[in-house]
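Please read the following explanation with the sequence and the model side by side, taking each region in turn.

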Amino acid sequence: MSKIMQTFIDIRNDPYDWVNKWKGDNKDKKVVAIGVYHFPEEIVHAAGILPFGLQEGSETIVDGYNYIYPAYCGYTRSLIDMGPRGTLRVFDAVLISDICIQLVKADQTLFRNFPSLHPVLIQPSLDLTKDRNKPDLIEEYKRLKEIVEDIAGHKIDDAALKNSFKVYNKNRALLRKIHKMRSKNPSLIRARDMQAVVMSAMVMPKEENNNMLEEFIAELENKKTAARKGIPVFLSGHLCHAPKIEILDMIEEMGGIVVDDDLHTGYRYYAKDVSLDGDPIEALADRFRIIDPPCPSRIHPDNNWDQFLLKKAKEAGVKGVIILQPKFCEHQNFAYIYQKRTLAEGGMDHILIESEHEMISLEKIRTQMQAFVEMIQAKMAKGSKSKGRK
Amino acid sequence: MSDNKPKERKHNRVMATRAVNDAVEAYYEKCWADAEKGALTAWGEGIAYFPLIRAAGINYVFADAMSARMGARKFPYAKEAAADFGFLEETCSYARFHIGASRILKGDFPYDKSWDLKKIMAPLPDVYFNTDACSAGNTWGELLRRYLNIPVFTVFTRRVFTWGEIPPEDKHVVEQLKEMVKFIEKMTGKPYDWDKLREILGILKQSAAMRARLRDLMKLRPAPLTYFDVLSTFASFTILHGLPEAPKLLGDVVKECEERVAKGISGIKNEKYRLYWLGAMFWTKLGSMAEKFAQLDVTVVGGTYDFMFYPYPEEIDPDKPLETLAASATSCGYTLDNDNAAEIADFRLCKDLNIDGIIVYECHTCRMQSGSNHDRADYVARRLGVPITYVTGDFVDDAFFSEAQFDTRIEGLLEIIDARRRGK
């Protein structure tokens, strides 16, 4: 295992330990926790502050239940639990974008009970069909910029923003390259390691991460691999936090070969660049309005995740789609209604695997995966076209 | 609590509340009859803006209320239709039941034809309105847009808390309501009837005055009615919201309660405890819960729904209709931060109700309602010095309600109250 990969893995295994060490080594610098998904973190970077993408904690929720009831997704429960645990004390603020009522309530709970964490909610307008959507987004991003300037203690100018866009666009390009390399040769990198790569990008200073990714790509280009036997699959879901690596391992153990994905710790993080032309805040608003990949948090008639999923799965040449559904994620469940039928009509087999913060039984997932793989293998052996599961 | 049925009913139901059910049934029948004649039907999430829809002559059906009705009537097929569609149990039960119903109405899912659908659900809509109070509402609307091939109009309402202050979100919403009026004009092909809107707000104001009177009566000891009686009138400020029959129905309830006060008749046989219900409600068990509490000598004297859907007449100004509608949405318990919500929604009620304790109802599938409840209960309990208990249930899905847990938690709360009384 290379030193770079080990660094990525160490960050993935305990990102909060990493950031505490970083803060210890960088006492004069500020770090702000951000809810990564749909968040214009370039604004934070432009202020010279480290944006740390909040990751689901690994601890069992305990004190968090004094503040929230159990039927919230693992990510938001974990986030709230971090309040009494003190995990978030290292940050100068906690900034979250409203993409879901559970994130809103998590922010509200921290705001009320742990105001010293400086939790702030930004609320981008989610209805992309309205003429006012872009002006509303610009207004909200300008408000965010003022909040970040307040944290930083200085103004952020357009030049700094555009520089951040360049750095981030480079980061995304490097991650996309690794994504494509993985698609061409899935033996290059396991699913859990891909997650570590992406998570490191969400957490580390971007410039440093860019350097590491370039070195990592060079390693991959020279890596000798043996083809793995199994069923090529597409991983979908987990919109705003990482799936458990135990589930990723189980998928591969049971014969799934991950060829492509639209995960939070995957394609979703690096799909969209920001334009370097024109007004930078407007460019961020334009980026938000791009429906690639589709996201059920936004409103637009073209925002059809099911169609995107089928198209991507076919382009990737996979034999099946594995939908990773975090328990209590309503956005994703609503999207599943059409995913189910579109995949079936498109002749693409799929399975839905539900995950939880505290995973009670991996054996259930083992059985599901085993059955799924066997079903596909049987179809392949018969040479029959998949009718898909309705 | 004993498993044996009580020998004597102790909940003294306000009989005038029964007329509300007849009025709701009549409204659903009207929706069906009007639809057959080509009138527009709108479904929607959220109450705040529907006077705007109703004033245009469109029959508005509040989605939550339709689901609550199916739950209360124990109609089983909507839930099955939703599960068959791909919904997981953890998803909002209002949405599941509602979308399940749309499948049944569309003919995509079977049901026992002995059920008269016209009595429990509205006809399929021509349009859907989404007030964005909850993110699930957005996905709900989008799903129906696609499944039913109907237009959807969303009013985006920010959650208006920043550093403890309430910024002026109303103006932002008013601008969107103006767009909504244009959208409605396009749908109906007619100029918007502003006079009708003012008239509807006038009716709402009358309804609100009746509700205010009921809240005043609830302060009496013993109370002449219970929160469950209020909830039995709920449809008058949801489905029947702004219709002329609504204030009359509420007026009859007020009259009966005032007569009870004159005669010394209370809402339950022996009021020993007064509790506040913070959170949603389990609509399938309204009647049995009313009796359950009465058997324990508990009057539930108020709750979250007392504050919802235009409860204060002084906040309704028919001459400023869009501002009134916007304020209703931006100042409701779910768009304010937790402490502000607790102050204006819960504490404002509780401080005059002489409550002994708070029940927090954690509605399993509603993250919007349940997410703030811990903080809101804490806010009120600290100021009033009362204990809290938590019970889990749902809006309409029986799978998430445990009678035994409910009984244990309520009885435990009463024991705490007794102990505190002994200690004084």
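In this predicted model, Asp14(A) sits in the loop that lies between helix H1 (3–13) and helix H2 (15–25) of chain A.

Strand S5 (residues 231–237) of chain A pairs with S6(A) in the parallel sense, and the pairing runs over five bridges; within it, Pro232(A) has Ile257(A) of S6(A) as its bridge partner. Strand S6 (residues 256–261) of chain A is mostly covered, since six of its six residues are buried. In a regular strand, side chains alternate between the two faces of the sheet.

How many cavities of 30 Å³ or more does a search of the whole structure find? The search finds nine, and the largest cavity has a volume of about 320 Å³. This largest cavity is lined by 23 residues, and those that lie nearest its centre are Val36(A), His38(A), Arg268(A), Tyr269(A) and Arg287(A). Helix H7 (158–184), helix H11 (267–270) and helix H12 (280–288) of chain A each contribute at least two residues to that lining. By residue class, the lining of the largest cavity divides into twelve nonpolar, three polar and eight charged residues.

The second largest cavity has a volume of about 230 Å³ and is lined by 17 residues, of which Asn303(A), Asn304(A), Phe334(A), Ala335(A) and Glu142(B) lie nearest its centre. Two or more lining residues come from each of helix H13 (305–316) and helix H14 (330–345) of chain A, together with helix H7 (135–148) of chain B. Which element gives the largest share of the lining of this second largest cavity? That share, five residues, comes from H7(B). The lining of the second largest cavity divides into seven nonpolar, five polar and five charged residues.

Notes
Residues numbered from 1 in each chain as written. Chains lettered and ligands numbered in written order. Predicted model: local features only at pLDDT ≥ 70, side-chain atom pairs only at ≥ 80, totals over all residues. Heavy atoms only, no water. Buried < 20%, exposed > 50% of the residue type's maximum accessible area, 1.4 Å probe, protein only. Helix = DSSP H or I, 4+ residues; strand = E, 2+ residues; numbered from the N terminus. Pairing = 2+ DSSP bridges. 1 Å grid on protein atoms, 1.4 Å probe; cavity = no way out; pocket = protein on both sides within 12 Å on 5 of 7 lines; lining within 4 Å. Points joined across faces, edges and corners; volume = space filled by probe spheres on them. Nonpolar A, V, L, I, M, F, W, Y, C, P; charged D, E, K, R; others polar.
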